[in-house]
Amino acid sequence: MIARTILSGYFLFERVLFPLYNTLLLVIESCQQRLQNKGGTHMDSTKIQQLAEAFLGAWNTQKVENVLACYSKDTVYRDPNTRGEIKGAESFGAYLQKLFSLWKMHWSLREAYSLSGVEGAAVLWHASLQKMGNEEAVKVDGMDLVILENDLITRNEVYFDRSVLQTLL
């Protein structure tokens with residue numbers, strides 16, 4: 001009786017469960033390949049690195065047109081100083097013009113991570129911020145949440161501890 005139970009359990013695993021498990025793995029692998037072939041919703045680490053370096057590099061130029069070239073026309077931007085969302089390239093450009101006239105900034109990439117389920121990244125950075133006309137600069141670490149469409153940023157949310165700026169104000 002015990003031998004028959006063991007054999008029937010083995011038969012169930014060998015003939016039914018194991019092939020079902022292998023089929024499921026093949027279906028999952030096939031879906032992942034199709035997503036990658038279509039651009040998918042997951043960016044590889046090389047593309048993330050390139051994105052982060054390109055957009056931080058544009059910000060380092062402190063030229064409005066260079067920064068706007070990284071963003072879509074209907075972009076949504078937010079940072080701790082905006083007190084809400086800035087919508088659209090024209091409004092964002094006006095914000096940048098004012099920002100760049102008041103602050104000297106330099107951004108360095110620390111790390112970048114792909115987001116799951118959407119084309120985008122979490123970009124961790126280190127920055128040096130200096131108010132124009134002031135000798136003193138502060139160092140701060142922060143993060144950008146970046147969502148893309150057709151390789152342009154459609155949403156950019158910036159997070160850092162704004163209190164470090166108090167010594168410069």
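Guide: Two strands pair if DSSP finds at least two bridges between them. Strands (E, at least two residues) and helices (H or I, at least four) are DSSP runs, numbered from the N terminus.

Visitor: What model is this?
Guide: This is a predicted model: local features need pLDDT of at least 70, side-chain atom pairs count only at pLDDT 80 or more, and totals for chains, interfaces and linings use all residues. Residues are numbered from 1 along each chain as its sequence is written, and side-chain values use heavy atoms, without hydrogens or water.

Visitor: What makes strand 1 and strand 6 a pair?
Guide: 4 bridges join strand 1 (residues 71–78) to strand 6 (residues 152–160). The definition asks for at least two, so they pair. The two run parallel. Arg 78 faces Glu 157 of strand 6.

Visitor: Why are strand 2 and strand 3 called edges?
Guide: The open, mixed sheet has 6 strands in the order 2-1-6-5-4-3. Strand 2 (86–87) and strand 3 (103–114) each have a single partner strand, so one side of each lacks a neighbour in the sheet.

Visitor: Which residues does Phe 55 contact, beyond four places in sequence?
Guide: Contact means heavy atoms within 4.5 Å. Among those of Phe 55 are Cys 70, Val 123, Val 146 and Ile 153.
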